[in-house]
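Hi everyone, thanks for making the time.

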Amino acid sequence: MSTQEEENKFIKDWMDSNNAYLLFIFFLSQSITYYFMKKYIDACDSIVKAEPYKISCGAYIPSPQHNFYSSLAHLAHYNNCAREQQKEFLQQVEINQDSMKIWAESCPENFQNKYDLVEAEKARVLGQILQAEEFYEKAIQGAKKYKFIHEEALAYERSAEFYLSLGREEIGKLYLRNTYHCYARWGAKAKVKQLEEEYPQYLFCLLYTSDAADEEDS
């Protein structure tokens, strides 16, 4: 049985047994993986599939995670959509952010950096450059302060792309290198490899240093 066949079997079994919790966790995990690997259409699709089962988690941690990655996936896919769908995406993000703001006010340690990163991405797609800069920095510092290394990496990555798109290569390159180090510390090997393949011109020095260190160790 192939991995896909096995996956389909699990999904069918969970649907047959009406196991909403496992279906929600599966589709949420799938959407997060797709998002980190920049498969934004697939991430949006999995987020939508998870939605009917979200109630199974109530207000527990998986629900805010769904909120967070729903907003990020929709904003990442925003520029590839027709105007009507863009409007729908922004409406959903606003709804998500209303809830995220409440969680952030209650527990800023866990949720403020998430709120800030979504606000940064929203400002980016709306062309609000100064607001985007401000919220990217808040998201980075918040994630760093409370040691959410994967979210620090994500905030650095999104801000690096933002600055590179503006032609601000120096700060974009610096943030991209910070992205690389965060993902490496997190142990996200597939993500590190993706960055190496996508940005060899900016990460060459890091790759050279890493290869030299490996040779010395051996």
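**Rings and charges**

Let's begin with W186: with a relative accessible area of 39%, W186 is partly exposed. Please keep in mind that this is a predicted model.

Now, where do W186 and Y183 sit? Both belong to helix α9, which covers residues 169-186, and they are three residues apart, about one turn of the helix. Y183 is buried, at a relative accessible area of 0%.

So much for the helix; on to the pairs. How many aromatic pairs does a search of the whole structure find? The search gives 17. Let me pick out two of them.

One is Y35 with Y40: the ring centres are 5.4 Å apart and the planes make an angle of 50°, so this pair is tilted. Are these two residues buried or exposed? Y35 is buried, and Y40 is buried too.

Another is Y183 with W186. Here the centres lie 6.3 Å apart with the planes at 35°, so this pair counts as tilted as well.

Which residues make up the cluster? Y35, F36, Y40, F68, Y69, Y183 and W186 form one aromatic cluster.

Last topic: a lysine. K114 has its charged end over the ring of F68, 6.0 Å from the ring centre. And F148? K114 lies over the face of that ring too, at 4.5 Å from the centre. F68, you'll remember, is one of the cluster members.

That's my tour, and I'm happy to take questions.

Notes
Residues numbered from 1 in each chain as written. Predicted model: local features only at pLDDT ≥ 70, side-chain atom pairs only at ≥ 80, totals over all residues. Heavy atoms only, no water. Phe/Tyr/Trp six-rings, centres within 6.5 Å; stacked < 30°, edge-to-face > 60°. Buried < 20%, exposed > 50% of the residue type's maximum accessible area, 1.4 Å probe, protein only. Helix = DSSP H or I, 4+ residues; strand = E, 2+ residues; numbered from the N terminus. Lys NZ or Arg CZ within 6 Å of the ring centre and 35° of its normal.
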